[in-house]
Amino acid sequence: MKLRVSRRYVPLLATLFVFVAIFCLGGLQYRAFFSLRVFTNLFTDNAFLGLCAVGMTFVILSGGIDLSVGAMVAFSSTLIASLTQLAHFLPFPAIALVLVIGLLFGLAQGAVIHFYKAPAFIVTLAGMFLLRGLGFVINLNAIPVEDPLMVKLSTLGIPLGEKASLSFSACVLILAVVATAAVLGFTKFGRNVYAIGGSELSVLLMGIPLARTKLAIYALSGFFSAAAGVVFTIYTLSGSAAAAMGLELDAPIINAQSLAANYTNEVGVAGKVRFLKNIADALKKARCPSMNRSVTPISLWNSFLPRLNGRVGTRIHFLSSQEITLRISRRRNS
Amino acid sequence: MNARLRRLTSLPLTWPLVTLVCILLFDFLFTPGFFHLELKDGHLFGSLVDIVKNAAPVMIIATGMTLVIATGGIDISVGAVVAIAGAIAGVLVARYHAPLLAVLVLPLIAAALCGAFNSLLIIGFGIQPIIATLILMVMGRGLGQLIIGGRVLWFRMASFEYLGTGYLLGLPVRIFVAAALLALLALALRTTPLGLFIQATGGSAKASRYSGLSVGLVKFVVYTFSGLCAGVAGLVLTANIHGSDAALVGTYIELDAILAVVIGGTSMNGGKFNLLGSLVGALIIQSLTTTIFTKGVPVQFTLVVKAAVVVIVILLQSGEFRRQLAALVPRRATR
């Protein structure tokens with residue numbers, strides 16, 4: 001019994017392990033890295049990525065994929081910036097509008113995928129083109145957001161001791177993660193999502209509402225990526241249609257384990273966000289922007305771990321490969 | 001008549017061709033001079049040649065991608081492999097002044113190894129194709145930049161540049177490269193049961209294994225070939241600009257290639273494939289892009305138009321949508 005529980009959490013533990021390892025590595029090398037402030041900043045800096053990952057969790061659990069999330073972030077941020085800055089909308093109606101658009105867009109994608117039996121990969125790819133394009137149609141430039149309420153939101157936070165505070169974006173992320181974990185773990189809808197990922201045919205034969213669930217899954221993904229766009233706008237205080245390129249592929253990285261095993265837990269998703277961000281942070285400290293890309297895939301080694309059944313030797317090797325990469329990139333930059 | 005029409009609409013190549021013809025018809029009607037071909041200095045010039053020329057890299061990659069998708073997998077690392085092959089070729093030319101044969105062969109070996117690496121992850125560790133190839137996709141560009149040294153490497157080597165910019169018999173060389181690759185593959189599919197094995201693997205890997213087929217070997221061949229194709233495309237693209245830019249060369253080419261394959265009528269569920277369809281798919285994407293450019297559509301609308309056409313193609317390929325459409329037509333006729 002005990003063994004079974006631990007196996008279920010192997011991917012999560014692996015992620016946590018890597019997170020702690022990298023955090024310690026950063027803490028040992030750079031002064032002030034090992035602080036509550038850096039830790040809470042991980043949440044703030046990655047709230048938009050985390051929100052996308054939360055939405056993507058539903059999609060990937062059901063065996064699909066949503067490539068449009070990065071474009072949705074860019075589109076939403078451009079739209080909010082344009083509405084508040086150029087059309088003089090109040091921030092909250094603008095945010096509400098963006099969230100509704102996200103929901104409806106996801107719903108439309110889900111409808112095409114479900115009713116016309118089109119591959120999710122291609123439909124959401126078209127969605128990505130469309131949203132990127134629409135973002136550019138709205139405005140080609142990055143627009144600074146100066147609305148006082150938005151500025152206030154970006155500085156709002158729950159103070160946690162001196163210097164550190166949990167920002168509004170971070171709270172949104174944590175709230176979303178908790179809510180999603182509750183929905184997936186304790187509701188009928190959540191169980192249906194897992195069931196669709198298991199076998200769509202069985203779901204249909206069992207009389208589970210396939211169409212409704214599938215549409216809801218993609219609508220949720222659209223909604224969460226629009227919310228990510230909102231958080232992104234608050235975080236950067238600007239809207240740009242060229243923002244968040246390639247994000248759609250970061251979100252599945254975070255979710256890699258759920259793709260592999262068709263189960264996940266929301267804590268795992270949040271853990272991976274922190275972990276990815278950690279790598280990015282350590283790299284920023286090491287001043288190697290262009291090497292950023294070559295180090296990220298280490299997170300993917302995680303997806304090996306459940307397969308390797310936690311052999312200690314491989315874990316050691318796994319850690320050292322990271323150290324090597326970090327060292328290489330540092331040496332090249334010094 | 002009706003039966004013949006129904007048979008025609010059920011052919012896999014019909015809908016991609018209809019789409020292509022529609023786009024070209026639009027150009028024929030609304031873009032004067034689109035079909036104009038001219039012989040200058042023994043080279044053929046014109047929008048049509050342009051389309052084929054620019055579609056060639058996607059065609060080459062789509063060739064390999066078709067087989068991968070036919071096994072029920074996907075390879076999203078091809079863009080990164082393009083960058084790696086280009087980087088190696090650039091370094092060989094600019095730093096080591098290697099002979100042409102080495103410049104052509106070594107990057108291709110590296111590209112094939114990249115494909116083999118993907119297949120190792122997929123077969124050996126049982127990771128899903130999308131995640132396994134995602135590893136190389138994210139890592140590859142960084143690797144390419146490491147090889148070059150984090151900048152754009154320019155070089156001059158006439159014999160190598162010929163691959164990207166040269167003309168043979170009045171047509172761009174790269175068209176012949178794409179054709180040769182396709183011919184080789186067609187030969188392999190005709191003379192060996194490879195095609196059958198690929199379809200069997202995609203149809204049901206389990207059933208194939210039980211009937212004695214080495215599924216792992218099939219996947220190894222397919223992913224290695226996909227890497228090789230990406231390498232060829234990388235050489236063409238690098239030779240074309242006589243420079244290696246690992247950060248930017250072939251960005252999003254994996255998406256275009258997958259799009260070409262799916263537009264071409266190959267199901268992403270695997271089990272069957274349509275090579276010619278993939279080529280037509282690549283031509284559709286490129287003629288769409290060329291049309292948008294020649295019509296002078298403002299740049300910010302380019303992606304929107306592309307998305308709209310892709311959606312239409314997706315819908316046209318859906319049997320359900322065609323049934324709904326067919327249900328509309330006779331009702332109107334009887335009224």
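Q: Which residues does B:Gly250 touch, not counting those up to four places away in sequence?
A: Keep in mind that we're looking at a predicted model here. Once residues up to four places away in sequence are left out, the partners of B:Gly250 are B:Gly79, B:Val82, B:Ala83, B:Ala233, B:Gly234 and B:Leu237.

Q: Where in chain B is B:Gly250 found?
A: Look between strand E6 (243–244) and helix H12 (253–263) of chain B. B:Gly250 sits in the loop that links E6 to H12.

Q: Is B:Gly250 buried or exposed?
A: The cut-off for a buried residue is 20 or more other C-beta atoms within 10 Å. B:Gly250 has 27 of them within 10 Å, so it counts as buried.

Q: What distance separates the C-alpha atoms of B:Gly250 and B:Ala179?
A: Along the chain, these two are 71 residues apart.

Q: How far does helix H8 of chain B reach from its first C-alpha to its last?
A: H8(B) covers residues 173–191, which gives it 19 residues. At 1.5 Å a residue you'd expect 27 Å, and the model comes out close to that, with a reach of 27 Å.

Q: Within what arc do the buried residues of H8(B) fall, seen down its axis?
A: The buried residues of this helix are B:Arg174, B:Val177, B:Ala178 and B:Leu181. They line one face of H8(B), because their arc, seen down the axis, is within 95 degrees. As a rule, residues three or four places apart in an α-helix point the same way, because there are 3.6 residues a turn. For the buried residues of H8(B), the arc is 95 degrees.

Q: Which residues are exposed on the other side of H8(B)?
A: The buried face of H8(B) has cover that includes helix H3 (47–70), helix H7 (158–165), strand E5 (171–172) and helix H11 (215–240) of chain B. On the other side, the exposed residues are B:Ala180, B:Ala183, B:Leu187, B:Arg190 and B:Thr191.

Q: Which element of chain A has the highest mean pLDDT?
A: Chain A as a whole has a mean pLDDT of 71, with 66% of its residues at 70 or more. Among its elements, helix H16 (residues 305–308) is the lowest at 34. At the other end, with a mean of 92, is helix H5 (residues 91–115) of chain A.

Q: How many contacts beyond four places in sequence does the model have for residues 281–334 of chain A?
A: Over this stretch of chain A, pLDDT stays under 50. The model's contacts beyond four places in sequence for residues 281–334 number 82.

Terms used:
Residues numbered from 1 in each chain as written. Chains lettered and ligands numbered in written order. Predicted model: local features only at pLDDT ≥ 70, side-chain atom pairs only at ≥ 80, totals over all residues. pLDDT = per-residue confidence, 0-100. Helix = DSSP H or I, 4+ residues; strand = E, 2+ residues; numbered from the N terminus. Contact = placed C-beta atoms within 7 Å. Expected span 1.5 Å × (residues − 1). Buried ≥ 20, exposed ≤ 12 C-beta atoms within 10 Å, placed from the backbone. Arc of directions from axis to C-beta.
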